[in-house]
Amino acid sequence: MTDLERKIAWMAISTGAAVVGHQLARRSLDGAWQATFGTEPPNEGRLDDDLKPALLWAAASGTLVAVARILARRAAESGWKRATGSKPPAS
């Protein structure tokens, strides 16, 4: 595999892992919000939502999604190392 092919493969794998991590985090957080508050999560596009829950949602979702992306990328790096025996190419 050439360096270019390795970079393209790594980009596809790391991007896919980030997308999956984001979706899992968002679905989990949506469910937790509904279970806790009994309502749909605030939507930044709806101006009639109260500010306090909207800010809480923004902080919680931003934090959880960032953590999920980090964990997903690390899992992808670990899988790459096991599969290839080397570190992923630099992004």
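## Notebook: helices, rings and charges

I started with Ala17, which is found in helix H1. For my own reference, helices are DSSP runs of H or I with at least four residues, strands are runs of E with at least two, and both are numbered from the N terminus. I'm working with a predicted model, where local features need pLDDT of at least 70, side-chain atom pairs count only at pLDDT 80 or more, and totals for chains, interfaces and linings use all residues. Residues are numbered from 1 along each chain as its sequence is written, and side-chain values use heavy atoms, with hydrogens and water left out.

**Entry: Ala17**

Is Ala17 buried or exposed? It counts as buried because its relative accessibility is 17%, and buried means under 20% relative accessible area, exposed over 50%, and partly exposed in between (1.4 Å probe, protein chains only). I then asked what Ala17 touches. Leaving out residues up to four places away in sequence, Ala17 touches Ala72 and Ala76, a contact being heavy atoms within 4.5 Å. I also looked at Gly79: Ala17 and Gly79 are 62 residues apart in sequence, and 11 Å lies between their C-alpha atoms.

**Entry: Thr15**

Thr15 is in helix H1 as well. With 45% relative accessibility, Thr15 counts as partly exposed. I checked Thr15 against Ala76: they sit 61 residues apart along the chain, with 9.5 Å between C-alpha atoms.

**Entry: Ala83**

Next I went to helix H2, where Ala83 has its place. Ala83 has a relative accessible area of 68%, so I noted it as exposed. From Ala83 to Leu71 is twelve residues along the chain, and their C-alpha atoms are 18 Å apart.

**Entry: aromatic pairs**

How many aromatic pairs does the structure hold? I noted three. Rings of Phe, Tyr and Trp (its six-membered ring) pair if their centres lie within 6.5 Å; planes under 30 degrees apart count as stacked, over 60 as edge-to-face, and the rest as tilted. Trp10 and Trp80 are an edge-to-face pair because their planes stand at 75°, with ring centres 5.6 Å apart. This pair links distant parts of the chain, with Trp10 in helix H1 (residues 3-37) and Trp80 in helix H2 (residues 51-84), 70 residues apart. I found both Trp10 and Trp80 buried.

Trp33 and Phe37 form a tilted pair, at 4.4 Å centre to centre and 45° between the planes. Both lie in helix H1, four residues apart, about one turn of the helix. Trp33 has a relative accessible area of 8%, so it is buried, whereas Phe37 is partly exposed at 45%.

**Entry: salt bridges**

My rule here: a side-chain nitrogen of Lys or Arg within 4 Å of a carboxyl oxygen of Asp or Glu. By that rule I get two salt bridges.

Arg26 and Asp30 make one of them, at 3.6 Å from N to O. They are about one helical turn apart, because four residues separate them in helix H1. Arg26 is partly exposed, with 32% relative accessible area, and Asp30 is partly exposed too, with 25%.

I also wrote down Arg73 and Glu77, whose closest N and O atoms are 3.3 Å apart in a salt bridge. Both lie in helix H2, again four residues apart, about one turn. Glu77 counts as partly exposed at 26% relative accessibility, and so does Arg73 at 33%.

**Entry: Arg6**

Arg6 is in helix H1. I wondered which side chain of opposite charge is nearest to Arg6. On charges, Lys and Arg count as positive and Asp and Glu as negative, while His and the chain ends are not counted. Not counting residues up to four places away in sequence, Arg6 touches Met1, Trp80, Thr84, Ser86, Lys87 and Pro89.

**Entry: a nonpolar patch**

Last, I looked at the surface. Leu4, Ile8 and Met11 form a nonpolar patch there, with about 320 Å² of accessible area together. Patches are made of residues with over 30% relative accessible area and no salt bridge, joining like charges within 9 Å and nonpolar side chains (Val, Leu, Ile, Met, Phe, Trp, Tyr) within 5 Å. The areas come from the Shrake-Rupley method with a 1.4 Å probe, and for residues only the protein chains shown count as cover. Leu4 has its place in helix H1, and I marked Leu4 as exposed because its relative accessible area is 58%.
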